[in-house]
Amino acid sequence: MDKFLVKTPRVSSVKKCRSPVKKKLKQAKLESLKGVVVIEQIVATKQILKDTTQDADVLLARLTELSNKLPAVEVLKTTRIGRTVKALYKHDDARVAAAAQRVVQQWTDHIKYIKTRPELEVQVGAAAQAMRDKAKHFLTEAFRSQQISTDPISSERVDAIEKAIFRLSNKRTGNIYRRTVRSLSTKMKYDSSLRQLFSANDADLTVLLAPFVK
């Protein structure tokens, strides 16, 4: 009876599963981040942009590279790359001139954002908060000493000064913070010119506080 049987190839009931193909992820390099710049590269780019005989396409390529970076204010001041880019506003090639303006505008907008963005308030414990409240009281009393102006110092200005001291003290109410508050409040009691400097809303508190933070 076996001769009437038709043998067919045995098919495995278990399907072979293909192992998923793993995508190779490229690790981002530190230099690729917008806020990370290499001074040597900025200086090299500056030299190329200053070359009046340079081809317009080369200048465009360099300006495109700069548009992908957001240098810190210190870098801009040190390298003076901004002045070099601005000099290209009057370039004969309209593409270069427009690219240069976009780069400067982008950097200007970024700097304005950094200066005006709200500072994150650090949550502190009850003891630290009590210390900060006491510091504000000392600063307020220092401004009231020998008041030469009929307008009292605003609580908002005192808050801004205290926050600047807190930030410069590594956001701690330790010895640096206490010494700074004590030194500044004592000095302001007897120095009307110092009180006027700190009263100005447009004053750079980081610069004014530098001599007191020790």
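**Overall fold and helix packing**

Analyst: Happy to! In the protein chain, residues 24 or more positions apart account for 66% of the contacts with a separation of 6 or more, where contact means heavy atoms within 4.5 Å. This is a predicted model, so local features need pLDDT of at least 70 and side-chain atom pairs count only at pLDDT 80 or more, while totals for chains, interfaces and linings use all residues. Residues are numbered from 1 along each chain as its sequence is written, and side-chain values use heavy atoms, with hydrogens and water left out.

User: Thanks! How many helices and strands does the protein chain have?

Analyst: The protein chain has ten helices and zero strands. Both are DSSP runs numbered from the N terminus: helices are H or I with at least four residues, and strands are E with at least two. Along the sequence the pattern reads α-α-α-α-α-α-α-α-α-α.

User: And what percentage of the residues counts as buried?

Analyst: Of the 214 residues, 28% count as buried. Buried means under 20% relative accessible area, exposed means over 50%, and partly exposed is in between, using a 1.4 Å probe and protein chains only.

User: Okay, packing next. At what angle do α6 and α7 pack?

Analyst: Helix α6 (residues 126-144) and helix α7 (residues 155-168) pack at about 125°, and their axes are 10 Å apart. Axes are lines fitted to C-alpha atoms, for helices over the stretch in contact, and angles run from 0 to 180 degrees between N-to-C directions. That makes α6 oblique to α7. For the cut-offs, under 35 degrees is roughly parallel, over 145 roughly antiparallel, 65 to 115 roughly perpendicular, and the rest oblique.

User: Is the crossing of α6 and α7 left-handed or right-handed?

Analyst: Their crossing is right-handed. A crossing is right-handed if the near helix is turned clockwise from the far one by less than a right angle, and left-handed if anticlockwise.

User: Which residues make that contact?

Analyst: From α6 they include Arg132, Lys136, Leu139 and Phe143, and from α7 they include Val158, Asp159, Ile161 and Phe166. By class, the contact of α6 with α7 has seven nonpolar, one polar and five charged residues. Here Ala, Val, Leu, Ile, Met, Phe, Trp, Tyr, Cys and Pro count as nonpolar, Asp, Glu, Lys and Arg as charged, and the others, Gly among them, as polar.

User: What about α7 and α8?

Analyst: α7 and helix α8 (residues 175-189) pack at about 140°, with axes 9 Å apart. The two are therefore oblique to each other, and α7 passes α8 in a right-handed crossing. Ile161, Glu162, Ile165 and Phe166 of α7 meet Tyr177, Thr180, Val181 and Leu184 of α8. These residues divide into six nonpolar, one polar and one charged.

User: How do α2 and α5 cross?

Analyst: The axes of α2 and helix α5 (residues 94-116) come within 10 Å and cross at roughly 15°. That makes α2 roughly parallel to α5, and their crossing is left-handed. Among the residues in the contact are Leu59, Leu60 and Leu63 of α2 and Val96, Val103 and Trp107 of α5. The contact has ten nonpolar, two polar and two charged residues.

User: Switching topic: how many salt bridges does the count come to?

Analyst: The count comes to six salt bridges. A salt bridge is a side-chain nitrogen of Lys or Arg within 4 Å of a carboxyl oxygen of Asp or Glu.

User: Which residue pairs with Asp159?

Analyst: Lys136 does, and the N to O distance is 3.5 Å. This pair links distant parts of the chain, with Asp159 in α7 and Lys136 in α6, 23 residues apart. Asp159 is partly exposed at 26% relative accessibility, and Lys136 is partly exposed at 22%.

User: Which residue does Arg62 bridge to?

Analyst: Arg62 bridges to Glu65, with the closest N and O atoms 3.5 Å apart. Both lie in helix α2 (residues 56-67), three residues apart, which is about one turn of the helix.

User: And where is the pair Glu141 and Arg144?

Analyst: Glu141 and Arg144 are in helix α6, three residues apart, so about one helical turn separates them. Their side chains meet in a salt bridge at 3.3 Å, N to O. Glu141 is partly exposed at 31%, whereas Arg144 counts as exposed at 51%.
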